[in-house]
Amino acid sequence: MSAKAEPWQTAEIAGPKKALLILKPEVVVAMVKRAKRPILIVGHHAAEDYSDDVKMIDYAIRMSKTTGIPVVATAHTISEFIKRDFHSVTCMPAMDIGNRLVDPEWKGLDGKGPYDLALFMGLPYYMEFVILAGLKSFSTNLKTISLDRFYNPHATWSFPNLSVKDWNESFEIIVNKLGGE
Amino acid sequence: MTRKRVNIKIKELKSDLGVIRDLELAFGKVIEEKWDEPMGPTPFPGMTTLRDWDMKLLQRYKPFYLPFCDVCCLCTFGKCDLTGDKRGACGLNMAAQQSRIVLLACCIGAATHIAHARHLIEHLMEKYGPNSPLDVGGLNIDVEAPVTRLVCGIKPEKLRDLEEALDYCEEQVTHCLSVTHTGQEGSNLDFESKVLHVGMVDQLGMEIADLAQTSVLGFPKADPEAPLTDLGFGVADISKPTILVIGHNVPSSVGIIDYLTDKGLLGKAEVVGICCTAHDITRYSSMAKIVGPISWQLRYIRSGLADLIVVDEQCIRADTLVEAQKVKTPVIASSPKSCLGLENRTETPSEKTISDLVEEKVPGVLILDPDKVGEVAVETVMKVAPKRNRFKIIPKIEEVIKAAQECTECNECRRACPNDQPIPEAMKAAAKGDLNPLAEILESCVGCARCDSACPNDFPIHSFLVKAGEKQLAKEKFKMRVGRGAIQDVEIREVGQPIVFGDIPGVVAIVGCANYPHGGKEVAEIAEEFAKRRFIVVTSGCAAMSIAMVKDEEGKTLYEKYLGAFDAGGIVNVGSCVSNSHIAGAAIKIANIFAKRKLRANYEEIADYIHNRVGAVGLAWGAYSQKAASIAAGFWRLGIPVIVGPHGAKYRRMLLGRKDREKDWYVYDARTGDKVYVGPAPEHLFTTAETKEEAMVLIAKLCVRPNDTSKGRAIKLTHYIDLHKRLYGVMPDDIHLYVRNKNDVPITMKNELLKMLEEKGWKEMKIPDPTLLPRLIRKRKGE
Ligand code: SF4
Ligand code: SF4
Ligand code: SF4
């Protein structure tokens, strides 16, 4: 696994504060387990990209089923969840969920309090880039993780740019370890 | 040259002769008052005049900032890291910095339209005289300049009357720009208020430009049956010398057409255009044709189809000259704003310039006289075309395959591509002789050539794409209805009520540039979806071209299938970027002509009317420019929501409502003064849609207004629910916020919806006579 922290889209430079690299998938496992109120935000690429047999959305479903983490599907992505017979998902535009996550008074989808960890996957790279930038500067007590195959530097933690194979393997580990103790 | 007139207004003058009241003196112009509507509260508003209105909008639609950059580098104190709660050396925080950059972008955009208008009007006054009458629709239009009347409180009748409004625009943009200097404004919301101000001023600048050119150059005057024109890559008859015009300011292109006409050469040469100059030259002459939107510049130039290029201003590629030289195409720059480093030949005898260009002594020239551009361009192209013999730099198939075999799949091209196109994979296929994946990429390509710049092997990748798609491109010819200009007063009278009541479910303005995430076809698809649903679809600029570029099984484009009238189910091309002012103008005229609200310098009331009653929404699917930002800002101040495509997220901030916060959605009932909850209508003022599906659902939803009658609301909800179910596969979960009483529920879905309402604990709400302005309350409690 290469460990160079370069944004996938070459000119999308961020910083000085940049995402820490997820060099081991266990980091994600630990972060999710440690979080009191995590949330998973899934964009439309999750049902399109990366490999023919496994899609990111399938990992999202497995993650949510294992941990009970609430899922927000942006744009029309909810239709893809429903196709896969997964219904415990909230439909909300990416900008709307971003905007709620910077509001310290927002009590979350269930009204039980603010989230402390937001995991992102499947948004257009540059859209996720600016939303993560918004969260980095304007949210309080929120950590963010980019689970995409590419380094997205405004997150708190992000994978480096990965091959499909490395990325799939990482996800298998994450989902499996989240299931265990 | 002195442009300024001196106006002195004296409320009361005591002299030996007695007391004189309301004396107005003007030096340089006699003010003839021909408009009997009394002056409204806010003529020529300054930067803070409408601040209260702005703050009302900004309270409801709070900015959500998306820093595209964590640092500021605008002064030598910097760079300053503004991440989180840090402040820069000047004391500015991240929120203020983001809004400041938005203001800067909008100032650039507004300045561009206003400077465009200034050059245009100076030229037209010089050539046609300052007393040329303004006429944008003959007897069909009384309210000829709705934005100008609304903002300035003047009623322009002649070309020269526009100067006063233009002076005002220039003054306001200068003020707003000054606000972005270090150590000025400190509050993000005040920056935002100025964004709205400069957006309004931009709308005025656009109206001035289009009013002037439509009147004087004889463009279609509010004509729903404006002619169809040819559009497409293969539009030019390549047996003839071809002049390509690029840009936005039409006089030099008019010079070309006029010269061809005068010399009896019409039909002997082709004049084709890219971007808004193309729109405007087809409004001027039926012999001109359109190649396509802004993103097609490189593919056309490199294909060698243009024998001469004339650029004017705005949205021209900065490397036009470099690219043109590669294909031996001479370039004439014709605007002081875009000289391209070329020698100024304005005063040089034309024969000398022509021979220098023909003999390739110079790669191009600058000529700042539109008529002379016409002469030099035509005479040059006639001689250059046979010499050039369509010289092109698009490689041969074998060359593409050979390069593809040398590609190292390093990914640099893909990582440079704004649309993350899988170029390395396509190169891999090309190495084996399959060019189809490269051709597919061309469909979603915005023509930026960042892939070329990034490739360590210096492969001209964009040219590879063009080669791969060449056959298809050459075949492409479509029909587009040329820009009709304004909307007629009579059309407004007919649709005013159905729009305000909601029977026509909405007006969708599909506008803006071609920075699309997946090519222009999505725009055509969205346009047709809403035309079929009997919304009014209005369009302009590059989006109007993209709408033309899809054909049905019978070979018809949307412009051939749908009417150009401002009516339910129409697809209405108003024209170029500056014609966007007619879209705002239509909304303003609904308030004025249909609802009889006073127009003159009465901005706040008209905006309040539009925001609460006119279900209009803008979609700029491929917005890229600063002009697009200022155009959007002009709509925001009128309370009209705007959606941008995913690249629009880079505009750095959205204006988002929160439907979950009940307290944000109260209005006054103008009948009683009661505060009434009306639901999130419209939910946002500015947002990004991630996919075309999301854009469609959002459009339907953002057309909801507090004033909808129950019948109208039921119609709007039908479209919203129907699209949501079809594209998202589920019912929307917020219908209860939009149902005020059971009559709002669409009949066909009654059972399902009533059950849903019950589950949500829904309660009936009042339908008020909605306003955000306490001063419009007619009767207060206890009165
Ligand atoms: S303008 Fe302010 S924030 Fe920007 S570089 Fe100067 S001091 Fe820093
Ligand atoms: S940048 Fe050039 S060498 Fe690298 S993958 Fe792209 S085409 Fe191939
Ligand atoms: S020219 Fe087209 S393929 Fe190349 S980087 Fe730009 S959008 Fe991507």
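In the predicted model, about 3700 Å² is buried between chain A and chain B, and carbon and sulfur atoms give 56% of that area. Of the area that chain A buries against chain B, 18% is supplied by A:W8, A:M95 and A:Y126, more than by any other three residues. Counted by residues, the contact joins 46 residues of chain A to 46 residues of chain B.

On the side of chain A that touches chain B, the elements that give two or more residues are α3 (78–83), α4 (94–101) and α5 (125–138) of chain A. Of these elements, α5(A) gives the most to that side, with ten residues. When the residues on the side of chain A that touches chain B are sorted by class, 24 are nonpolar, 15 are polar and seven are charged. Five salt bridges are counted between chain A and chain B, and a salt bridge is also found between A:D103 and B:R661, whose closest N and O atoms are 3.5 Å apart. Such pairs can be understood from charge, because side chains of opposite charge can pair when their charged atoms come close.

A salt bridge is also found inside chain A, where A:K165 pairs with A:E169 and the closest N and O atoms are 3.5 Å apart. Both A:K165 and A:E169 belong to helix α6 (residues 164–179) of chain A, in which they are four residues apart, or about one turn of the helix. Over all chains, the count comes to 75 salt bridges.

Chain B is divided into five parts by a domain assignment, namely domain 1 (1–32), domain 2 (51–217), domain 3 (233–388), domain 4 (397–459) and domain 5 (479–775). The centres of domain 4 and domain 5 of chain B, taken over C-alpha atoms, are separated by 39 Å, and the contact between these domains takes five residues from domain 4 and eight residues from domain 5. Together, domain 4 and domain 5 of chain B bury about 430 Å² between them, with 37% of this area on carbon and sulfur atoms. B:N419, B:E443 and B:V446 supply 69% of the area that domain 4 of chain B buries against domain 5 of chain B, more than any other three residues.

One salt bridge is counted between domain 4 and domain 5 of chain B, and the side chains of B:K521 and B:E443 meet in a salt bridge with an N to O distance of 2.9 Å. Four residue pairs, with both residues at pLDDT 80 or more, are in polar contact between domain 4 and domain 5 of chain B. The side of domain 4 of chain B that touches domain 5 has two nonpolar, two polar and one charged residues.

The surroundings of two ligands were also examined. Ligand 1 is surrounded by residues of chain B that include B:C72, B:C75, B:C80 and B:C90, as well as B:R100 and B:T182. By class, the shell around ligand 1 has seven nonpolar, three polar and one charged residues. Ligand 2 is surrounded by 14 residues, of which the closest are B:C407, B:C410, B:N411, B:C413 and B:C455. At least two residues of the shell around ligand 2 are supplied by each of α13 (412–416) and α14 (423–431) of chain B, and by class this shell has nine nonpolar, three polar and two charged residues.

Terms used
Residues are numbered from 1 along each chain as its sequence is written. Chains are lettered from A and ligands numbered from 1 in the order in which they are written. This is a predicted model: local features need pLDDT of at least 70, side-chain atom pairs count only at pLDDT 80 or more; totals for chains, interfaces and linings use all residues. Side-chain values use heavy atoms; hydrogens and water are left out. Contact means heavy atoms within 4.5 Å. Buried area is the accessible area (1.4 Å probe) that two parts lose on being put together, summed over both. A salt bridge is a side-chain nitrogen of Lys or Arg within 4 Å of a carboxyl oxygen of Asp or Glu. Ala, Val, Leu, Ile, Met, Phe, Trp, Tyr, Cys and Pro count as nonpolar, Asp, Glu, Lys and Arg as charged, and the others, Gly among them, as polar. A residue is near a molecule or strand if one of its heavy atoms lies within 4 Å of it. Domain bounds come from an automatic or database domain assignment. A polar contact is a pair of N or O atoms within 3.5 Å; within protein, one must be able to donate a hydrogen and the other to accept it, and residues adjacent in sequence count only if both atoms are side-chain atoms.
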